[in-house]
Protein chains: 2
Amino acid sequence: MHHAADILLQLFIVYAAALVGGELAQRLKMPGVVGEIIAGALIGPSALGWVRPDEPLQLLAEIGVVLLLFAVGLETRLGELRRVGAAALGVGVLGVVFPFAGATLWAHGSGFGWDPSMFVAAAFVATSVGITARVLQELGVLQRTESRVILGAAVIDDILAMLLLGVVVSLQQGDRLDPLHLGVLLLEAIGFLAVIGFVGTRAARLRSDWLERPINPLSPLTIVLALCLGLAWLSTRFGLAAIIGAFLAGVIASETRQREQLEHQMQPLLALLTPFFFAVTGMQLKLAVFADPRALGMLAAATAIAIASKVLGGFLGALSLRPRSALIVGVGMVPRGEVGVVIASLGLAAGVFSDRIYALIVAMSLLTALVTPPALAWLLRRAPADDPAA
Amino acid sequence: MHHAADILLQLFIVYAAALVGGELAQRLKMPGVVGEIIAGALIGPSALGWVRPDEPLQLLAEIGVVLLLFAVGLETRLGELRRVGAAALGVGVLGVVFPFAGATLWAHGSGFGWDPSMFVAAAFVATSVGITARVLQELGVLQRTESRVILGAAVIDDILAMLLLGVVVSLQQGDRLDPLHLGVLLLEAIGFLAVIGFVGTRAARLRSDWLERPINPLSPLTIVLALCLGLAWLSTRFGLAAIIGAFLAGVIASETRQREQLEHQMQPLLALLTPFFFAVTGMQLKLAVFADPRALGMLAAATAIAIASKVLGGFLGALSLRPRSALIVGVGMVPRGEVGVVIASLGLAAGVFSDRIYALIVAMSLLTALVTPPALAWLLRRAPADDPAA
């Protein structure tokens, strides 16, 4: 009972801090998510130390980001994603190649061997689309072409990052590279997305009356939430992030007749749960990195490479759009967030990373998450929508 | 990452099972909560063994029941609670005295010494109002006088059960009883409820425009959710259950101008989170108790005493209402649910209870939770509302 009470206090502190942080950020004309991340960093272990990002908070954070991507999927039609498919593919591929190449060279130049350099670089690759998705949703621009390209590219980015991480880990362990195995992984992931995506959306379009057959008036919501949890788990079985499955579940649910009602009902769920995701993200920041001038210099270099390489890759990949839209796409792909933190943790566990390089990568990941929202909001507010009807 | 994936699978199984169980129960004209509890028992460790009620599920269960009682509070005005104060006090006091006396005598008759008998009896005392609250909400009868008496009595019941448990534990440890200390605990709890209740509702009535000052359109919801988490925690600091604080937060929020909007926004939150509470409750059932005929006989006796003593206490306490309404109140107080489970765990940890008596008390608690919803629904559907306007 006491333990449960402690957790309630933690939840209260985190939720209230995120509330205040989000509000302050919005008053300073910044996306609320920036305030939530900073609030998390302030109450977390490396500043005030009021809360630690342990298991209960991690769980709520995970559910929060899963529901966020589900809600974003709910505002995304499969047809619209397919229409931007070529641009999304270009952004996804170049947005992986450029950061990986740039970061490998940088790490090798900083004194790492080639194999560990590639492990470091793997942490520079994967975009954490949660942060961008939240900004797009806050600004109400999920219907813009740039948003769709970003979301489609995030799916491709996740597949490539998964494969790349597999390669890097096996190189690190001294295993021989097995192209056949990688090919199977790639086909499985694409097959999973294609089968679930096409069959699911078709079933949803034809059979959305099934959602109302149960007695309970909230049954459409509960059924699609079960679908969301199920696909989130299933996508991890194919090596993909849980949020990719959740996004897919949302895309499927967006084909149902109950779409608008569902969008409406997701709002309170996001209001309760997503602040935990962003605050927990902030909590993982180790502020001590910023105390040592030499480390600070390395951090500045790493962050600059992470940002520039991703913006460039995204920009070049999206050049079928107008240049300004391509820039928005590039900036939208910048956040590494919790994905970089996870890869850094793998490197630490594998003994490849020292504590210092671990802290550096975590700080780089979170800095990219922090600088993106204001930049993206600034660009989006200045750029008129390309084709609001499409 | 793997660990997070496992948890997602657990969440999916529990949520989907509760969905199916609730739906089947409703088709059989029973409250959905019965199906959710049985679904939990079936997938839990003592039957199929698909999931275990470990920390992540316990956390969601706790948040679920906290939000449920908050939503119930949101449909309850303080003035209405005060109007039924005398009846609620009678129900609360007699609903503690009768079960405690009955269960002490029964346990002593079954061969326990007086002190352990009183510890056993303590597990028979406290009502778990979550189950009843869910039934009242499902049937849409929270505005009826009987519902208000039950909710008011649940608050009093919780105070008395807290004091009683303190007495029993200190007797068991051979400490001398300290009436002064108990008096202080009682005054603290009452003081907490009175101060927060009166000051909070008054502030809410006069200043509900404050909820809309923040920029975020969802801010009234997020602010009252923070209040809910904060008071849930604070009430545990005064020895009370978290759900009492959450209920109080709801009562405060029910005085705001945004009350209807908040009620509406709580629905998706309850749809996501309360099934975890009821399924986890069911998971704690040890079906093995039902295999041994002698244990089954003891369980039947214990459950009969638990039900009869609580119904009688509630009925006599509420006789200022019509007899049928008093019966509804008595039946509504019957569920012990997770509160009995917690006290049984304390007894097990203190070495007072054997594994068998522990399993017996857990099974008794959950049986009372299972039999109440159909009985209560049956009575409420048959009894016309006493005074729907009051």
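Two residues are in contact if their C-beta atoms, placed from the backbone, lie within 7 Å. Keep that in mind as you look through these views of a predicted model.

**View 1. F238(B) and the residues it touches.** Start in chain B, in the loop between α10 (219–237) and α11 (242–253), where F238(B) has its place. Leaving aside residues up to four places away in sequence, F238(B) touches E188(B), A189(B) and F192(B). Look also for I190(B): its C-alpha is 9.3 Å from that of F238(B), although 48 residues separate the two in sequence. Is F238(B) buried, partly exposed or exposed? It has 18 C-beta neighbours inside 10 Å, so it counts as partly exposed.

**View 2. Two helices of chain B packed together.** Here helix α15 (residues 337–349) of chain B meets helix α16 (residues 355–382) of chain B. Two packed helices are described by the angle between their axes and the distance between the axes. For this pair the angle is about 170° and the axes are 8 Å apart. Angles over 145 degrees count as roughly antiparallel, and α15(B) and α16(B) are therefore roughly antiparallel to each other. On the α15(B) side, you can find G337(B), G340(B), V341(B), A344(B), G347(B) and L348(B). Facing them from α16(B) are Y358(B), I361(B), V362(B), M364(B), S365(B), L366(B) and A369(B). Sorted by class, the residues of this contact are nine nonpolar, four polar and no charged.

**View 3. Where chain A touches chain B.** Now move to the place where 41 residues of chain A are in contact with 41 residues of chain B. On the chain A side, α1 (2–27), α3 (55–74), α10 (219–237) and α12 (259–283) each supply at least two residues. Which helix gives the largest share? That is α1(A), with 14 residues. The chain A side has 28 nonpolar, nine polar and four charged residues.

**View 4. Helix α8 of chain A and the glycine after it.** Helix α8 (residues 145–172) of chain A has 28 residues. From its first C-alpha to its last, α8(A) reaches 39 Å, close to the expected 40 Å. After α8(A) comes G174(A), whose phi is positive, near 75°.

**View 5. Chain A as a whole.** Step back and you will find 16 helices and zero strands in chain A. The radius of gyration of chain A is 20 Å, close to the 21 Å that the globule rule gives for 390 residues, so chain A is as compact as a globular protein of that length. Its C-alpha trace spans about 60 × 55 × 45 Å along its principal axes. Of the 390 residues in chain A, 59% are buried.

Conventions
Residues numbered from 1 in each chain as written. Chains lettered and ligands numbered in written order. Predicted model: local features only at pLDDT ≥ 70, side-chain atom pairs only at ≥ 80, totals over all residues. Axes fitted to C-alpha atoms, helices over the stretch in contact; angles between N-to-C directions. Helix = DSSP H or I, 4+ residues; strand = E, 2+ residues; numbered from the N terminus. Parallel < 35°, antiparallel > 145°, perpendicular 65-115°, else oblique. Nonpolar A, V, L, I, M, F, W, Y, C, P; charged D, E, K, R; others polar. Rg over C-alpha atoms; globule rule 2.2 N^0.38 Å. Buried ≥ 20, exposed ≤ 12 C-beta atoms within 10 Å, placed from the backbone. Expected span 1.5 Å × (residues − 1).
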